[in-house]
Amino acid sequence: MDEGERMNEMKIIIPKSTGSMLINKTGSWRSSRPVIDERKCTGCLICWKFCPDACIEPGEKPKINLDYCKGCGICAEECPFDAIEMVREEK
Amino acid sequence: MRMVLTGNHTAAYAAKLARVEVVAAYPITPQTQIVEKLSEIIARGELKAEFIKVESEHSAMAACIGASAAGARAFTATSSQGLALMHELLHWAAGARLPIVMANVNRAMAPPWNIWCDHNDSISQRDTGWMQIYCESNQEVMDSIIQAFRVAESVRLPVMVNLDGFYLSHTAEPVEFPDQDEVDKFLPEYDPEDKLDPENPFSYGAMAVPENYARMRYNLHLAMQRAKRLIKETGAEYGRRFGRYYDIVDPYRCDDAEVLLISTSTIASTAKDVIDAMRDEGEKVGLLRIRWFRPFPLEEIRKVAGKVRKICVIDRNLSFGFEGAISSEVKAVLYSIEPRPQVYSFLMGIGGMDVPPEEIERAIRRTIDGGAEEFNWDLKGLGF
């Protein structure tokens with residue numbers, strides 16, 4: 001088949017994908033993980049607002065989705081109650 | 001209906017006739033009036049569209065990408081530095097196969113600041129995957145924007161419609177308005193199957209492994225090739241409907257030509273008078289105006305240029321240290337032709353330098369009589 005024939009039979013390929021971000025578990029990139037101190041946490045959810053990867057699940061107390069959390073530490077930095085500590089991942 | 005309009009206002013009315021649904025744009029001289037006129041038209045309720053005000057051209061293109069991915073017909077306009085700021089997003093629009101149409105008013109790149117006509121802004125975006133049209137008149141701006149949406153939506157690639165800064169953008173000419181009902185028949189509503197939908201979510205442009213990436217790039221390349229036929233068919237159908245026929249190139253008195261001039265935009269429209277005058281004196285000269293620069297009309301150039309002895313190319317852009325882009329590409333497509341015509345490259349009109357008929361005639365005569373170099377930077381009167 002030459003280029004002209006391929007061109008005529010061409011179907012447009014749109015670079016779209018379903019579920020690719022479910023498969024691609026970015027949590028494996030992490031070198032340190034956020035750990036919430038339940039005694040200090042007031043459930044204000046400021047960490048949930050700041051998480052750039054939507055990895056914090058809101059509730060009475062926030063929960064971190066470690067499948068996707070890349071360990072950027074923004075939640076720990078922003079927490080006004082120092083309730084989140086970044087702990088180094090062990091191999 | 002016929003109105004006397006500047007190129008900028010023509011572009012705005014063309015977008016209105018194309019019933020664009022989203023306009024996201026940022027003003028920049030000499031394009032500002034396109035955005036102003038469109039915001040006015042939308043504010044008055046004459047066009048049912050969303051006008052998104054943004055803080056930069058990068059954001060303007062990002063908003064158009066979002067709108068187009070959601071299935072809206074999106075339009076923007078820019079120029080020079082603004083186009084350069086969009087560069088990253090231009091790749092995004094083409095790679096995601098979004099049929100956005102943009103008017104670009106050709107203007108010089110800074111520094112030094114210069115707001116006048118020059119093609120280095122759009123030629124620098126050659127390899128982004130956007131198709132490019134260069135217009136010679138305001139009427140062609142009108143007709144090209146309408147045709148651009150049709151071609152873009154058929155092959156799913158964006159189109160940049162270029163008009164010369166000031167020579168078209170700020171010059172008023174009589175412009176024939178196509179009838180809205182006829183435009184609606186020519187350009188039906190854009191309703192892609194794969195638009196973003198919160199009920200049925202998917203990602204646009206997520207990671208692709210090398211094999212898939214290469215496959216998608218080849219698909220984009222073929223789409224650009226296939227667009228050549230669609231451009232011709234669309235131009236012909238536009239002619240049947242509206243009485244003005246268009247093609248991928250615009251040959252002028254080429255049939256028995258022995259020497260050929262190749263150029264684009266308003267330089268080519270001035271050149272038509274030069275060709276007429278030289279023909280009156282018995283010179284067998286012709287003009288091939290390149291209308292679509294991407295996809296590059298290589299078959300059409302070979303067909304006309306393969307019959308001539310000598311070719312004079314006038315570029316309004318420069319690849320520093322080499323020559324103008326159209327010269328290089330014309331030479332490349334003629335390499336396999338036997339006997340190969342000689343090509344002489346002329347650089348003119350950059351940064352708004354005037355290109356009067358006498359200068360064009362001088363370039364053609366130097367091509368004919370052997371007085372031209374391989375590359376000629378004509379800055380007559382500046383002491384070079």
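**Chain B: helices, sheet and overall form**

Q: Why are α1(B) and α6(B) called roughly parallel to each other?
A: In this predicted model, the axes of helix α1 (residues 7–17) and helix α6 (residues 138–155) of chain B cross at roughly 25°. Angles under 35 degrees count as roughly parallel, so this label applies to the pair. Their axes come within 8 Å.

Q: Which residues make the contact between α1(B) and α6(B)?
A: From α1(B) come B:Gly7, B:Thr10, B:Ala11, B:Ala14, B:Ala15 and B:Leu17. From α6(B) come B:Asn138, B:Val141, B:Met142, B:Ile145 and B:Ile146.

Q: Is the crossing of α1(B) and α6(B) left-handed or right-handed?
A: It is right-handed. A crossing gets that name if the near helix is turned clockwise from the far one by less than a right angle.

Q: What makes chain B as compact as a globular protein of that length?
A: Chain B holds 12 helices and 16 strands. Its radius of gyration is 21 Å, and the globule rule gives 21 Å for 384 residues. The two values are close, so chain B counts as that compact. Its C-alpha trace spans about 70 × 50 × 45 Å along the principal axes.

Q: How many of the residues of chain B count as buried?
A: The share is 52% of 384 residues. To count, a residue needs 20 or more other C-beta atoms within 10 Å of its own.

Q: What share of the contacts in chain B with a separation of 6 or more joins residues 24 or more positions apart?
A: That share is 79%.

Q: In what order do the 6 strands of the open sheet in chain B lie?
A: They run β10-β12-β11-β14-β15-β16, with mixed pairing.

Q: Why are β10 and β16 of chain B called edge strands?
A: β10 (249–252) and β16 (375–377) each pair on one side only. On average, neighbouring strands of this sheet are turned by 20° against each other, direction ignored.

Q: How do you know that strand β15 of chain B and β16(B) pair?
A: Pairing takes at least two bridges. β15 (residues 342–347) and β16(B) have 3, in the parallel sense, so they pass. B:Leu347 stands opposite B:Trp377 in β16(B).

Q: What angle does the direction of helix α11 of chain B make with that of β14(B)?
A: About 150°. Angles over 145 degrees count as roughly antiparallel, so α11 (residues 325–334) gets that label against β14(B). α11 packs on the sheet and touches β11, β12, β14 and β15 of chain B.

Key:
Residues are numbered from 1 along each chain as its sequence is written. Chains are lettered from A and ligands numbered from 1 in the order in which they are written. This is a predicted model: local features need pLDDT of at least 70, side-chain atom pairs count only at pLDDT 80 or more; totals for chains, interfaces and linings use all residues. Helices (H or I, at least four residues) and strands (E, at least two) are DSSP runs, numbered from the N terminus. The radius of gyration is taken over C-alpha atoms; the globule rule is 2.2 Å times the number of residues to the power 0.38. A residue is buried if 20 or more other C-beta atoms lie within 10 Å of its own, exposed if 12 or fewer, and partly exposed in between; C-beta atoms are placed from the backbone. Two residues are in contact if their C-beta atoms, placed from the backbone, lie within 7 Å. Axes are lines fitted to C-alpha atoms, for helices over the stretch in contact, and angles run from 0 to 180 degrees between N-to-C directions. Angles under 35 degrees count as roughly parallel, over 145 as roughly antiparallel, 65 to 115 as roughly perpendicular and the rest as oblique.
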